[in-house]
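Please look at the sequence and the model before reading on.

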Amino acid sequence: MVTGERAAAEAARRGEFTFCTVQYESGDWDSAPLVAPNIIDTIARYTAIPVTPTGVIAPLGGDALHRYPLAYLTGHLPVRFTEAERRNLKRYVERGGLLFVDDHNHDVDGMFHKTATEELTRAVGPLADLPNDHELYRAFFTFADGPPTTAHEMNGWGDNLVHEHLQATLVDGRIGVLYSSKDYSSEWNYHPDSKRFLSVDNTRFAVNLVVYALTR
Amino acid sequence: MTAREQVARLARVLAAVRATRTGLWALAAGMLAFAVLRLLAAFGVVVPRPGMVAAVLVTAVAAGAVAYWRGGAAASPTRAALWVEEQVPGLDYALVTAADPRFAATAPFLAPRLRDIPWERLSRAAAVRALAPPLVVLLAASALLLVTPRGHTAAPAARAPGAGGSTATTPPAASPLARLRATVQPPAYTGLPATTLDDPASVAAVVASRVELRGAGEGSVAAELGGRAVAVTRDGRAWRLSLAMPHAPGALRLTSGGAERLVVLEPRADSAPVVTLARTVVDTVVRAPTGGIPLAGEATDDFGLASAAWEWIASSGEGENFTFRSGTLGGAALDGRRRAEPRATLSLDALELKPGDFVHVRLVARDRNTVSGPGVGVSETRTIRVARVGEYDSLAVEGAPPPEVDKSALSQRMLLLLTERLEERRPRLARATVVSESQAIARDQTALRKRVGELIYTRLGEGVDGEHSHFAGDGHEHGVEGKLDPADLLAQASKATGGGEPTMLDFEGDETPVVAVNQPLLEAYNHMWDASRELEVGAPGRAIAPMRRALVALQKAREAERIYLRGRPPAVVVDVARARLQGKDSAGVVSGRTPREDIDAAAAARARRLDRALLLLDAQPAAAVDSLLLLRVDALAEAPALAGALGDAIERLRGGRDATDALRRARRLADGEPHTAPGLPAWSGGGW
């Protein structure tokens, strides 16, 4: 990943999609560093969307976040946004951004879930179950049963639940914040070259996320 | 009737004409002044209402005084007789003599000469001459008043008293909506008293306050709020409705027969407590999980606090295995106090923390809102971390006093500046002085070069001593001294990594990995060497060029470094072309992102609505007030300043007062901040 302002601005000028990982003051925001290249690889594999070969890291409280239509936030530890982060997140969502939050603990009793959902509710609004027939699940690939299950949901850690729904806060009818307890951060946190060992690419749902964020 | 009686009667008529003329002139002048002021207002010159009244009164009184002063014949019989003599010159003072009581005896002799005086015609002529001019002016002023626009003042007489916000179907005075009374009972927890408002255009109250509206009159009354009917109860001629103040602003629409009236409900939210931390002010890392950490904070609330407590979360573990514990500390009931300063001590021993664990602490306060709450306010969270095992092993602790020379204050740029100054002064200095000062700079340059060398050797895994042997002027004899070259470095690198004999790898020329990494520092090192050599022999002028090159190389090295304070994530660069199988996959082209409407679209819509309402103001003032009321409802949540200005304007319009200022303020707020171009003057003075 790069944090270069100039490179990011250049990519934006070229009209490329750039994957953005959100850096927040508390917690371990960088707990899944390989998710970004993996999703970039997936976008390159399945679509013709111009894509920057490396992701960027953008502070949640900074203006740079507004360059990216999709932002990814994860972690294990309790999340406490600063007032600036809260304010900026609200602005980001209101101005058309989509924040994808994934609980790296996949534990509804865990502190990431409790604190992150509380902070998101304070910043943007309450989360509600996203129906499994939502257009997100047909934005590129079709996921008839809703969000794809991950291999980590029942791995003995976390809450050991298969979560049927993702949760979302809708802003003017579109998803502003998408929250997952399915631990896509673990599921997608591998080097893209290892994808060849999978019979079914488990990152295809990320294409729907990107296409939805770019077109809605 | 005798001549004396005729003269006395004429005197009374003339006095009446004079008084009427005075009044007419005063009225005409006042109306003319009012018409002129309204005309000025139409052109943007607005005179405040008190000023307008004063101007009209002064003009009227002045005109009346002048008219009275120039009123012609006085009311005394003698002057009336003289006035008649003027009008009928052939009398030769016969009338004046006959009217004088002192010559009463001559009256019978003079009577034949006075018989033909046209008393009625004289009276009419006097009245016409005196009253015609003010009447003409009065008519002209009335005509001017009719054609001038009325400005932004709704005529109060056009509506029944107190009938605010009505449309074309204005409630008549007998309507049950003509006069309203609102009673607001705030929720008990606020401790606020009940208030009563007469004929309110809007009712502002805390959310969930009980709002009761009452009125009286014949005919049915219906009420609607946000599309839902509100029950209205009748008791004889009186009616009443009661509702709870909603969370969002709304317009309560009251209808009776063909009449309608709007009342804006303006909720005041009960704010959540504001909580701040006084101690601990920063996140902390503790070496060992023992002892206590004092906590202090402050909580305030607009209606009173119910409780406050410190919340903590202890996180342990790593990787996939995290465990959490949480709890509260120092909880206290605050019994409605508006301000509290909770304090507590976080005992690290009691939490049984292990190295690497985190504790998050924050202060949480709840208010007494039992209706829509309680409102919860939280402070920023502080993180207290227990250091990991071995975390401090690599930490360089400088126990001793600072070194003799403050190396941090020494920079290549500073040495360059010193050398340039010395070179400037050199023609005026003795040679011995030049050499002395130049050698002093040379020593600093050598020290700085040594630090650069340390950096290079540290990267190679060699101790500082390895570089030490290569410095000149350090007072040691460790062999050959001189510049570093890539072969030396490669040898050092091989030695450091145990790689045996150094071999050139697959890099161009002498560009080994070691050299590539250290290239800018090596350049700087060698230029510094050249510079110090020239300085040693007292030639600062010749040292400047290599010193500048060294500075450029150091800057390059600085820019090449990337420091990741939180650790360096793996830099995976995706080969997009390869992932796309040389670009043959074209699964479809996804259109670009649709640009969203500007975020200020709502503000622009409000401005357009305000424009439309203002256009209505002259033709249909009541409908315009309605439009402003509804606009205010929408503005309450998103643009409170605009809502305030609109409320002011509505009150003024309803009271029949001039609302121009308030509307102008509302217009400015609705249009937003003016766009300015930095650097351009506000007015160029050169025309449009």
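Which residues of α6(B) are buried? They are B:A130, B:P134 and B:A141, where buried means that 20 or more other C-beta atoms, placed from the backbone, lie within 10 Å of a residue's own. The model is predicted: local features need pLDDT of at least 70, side-chain atom pairs count only at pLDDT 80 or more, and totals for chains, interfaces and linings use all residues. Residues are numbered from 1 along each chain as its sequence is written, while chains are lettered from A and ligands numbered from 1 in the order in which they are written.

Helices (H or I, at least four residues) and strands (E, at least two) are DSSP runs, numbered from the N terminus. Helix α6(B) bends by about 35° at B:L131, the bend being the angle between axes fitted to the seven residues ending there and the seven starting there. A proline, B:P133, follows within four residues.

An open sheet of chain B has five strands in the order β3-β10-β9-β5-β6, with mixed pairing; two strands pair if DSSP finds at least two bridges between them.

| Edge strand | Residues | Partner strands |
|---|---|---|
| β3 of chain B | 202–206 | a single one |
| β6 of chain B | 228–230 | a single one |

Strand β5(B) runs antiparallel to β6(B), joined by three bridges. In β6(B), B:V230 is the bridge partner of B:A223.

Elsewhere, B:L213 lies in strand β4 (residues 210–216) of chain B. B:L213 counts as buried because 23 C-beta neighbours lie inside 10 Å.

Conventions: A residue is buried if 20 or more other C-beta atoms lie within 10 Å of its own, exposed if 12 or fewer, and partly exposed in between; C-beta atoms are placed from the backbone.
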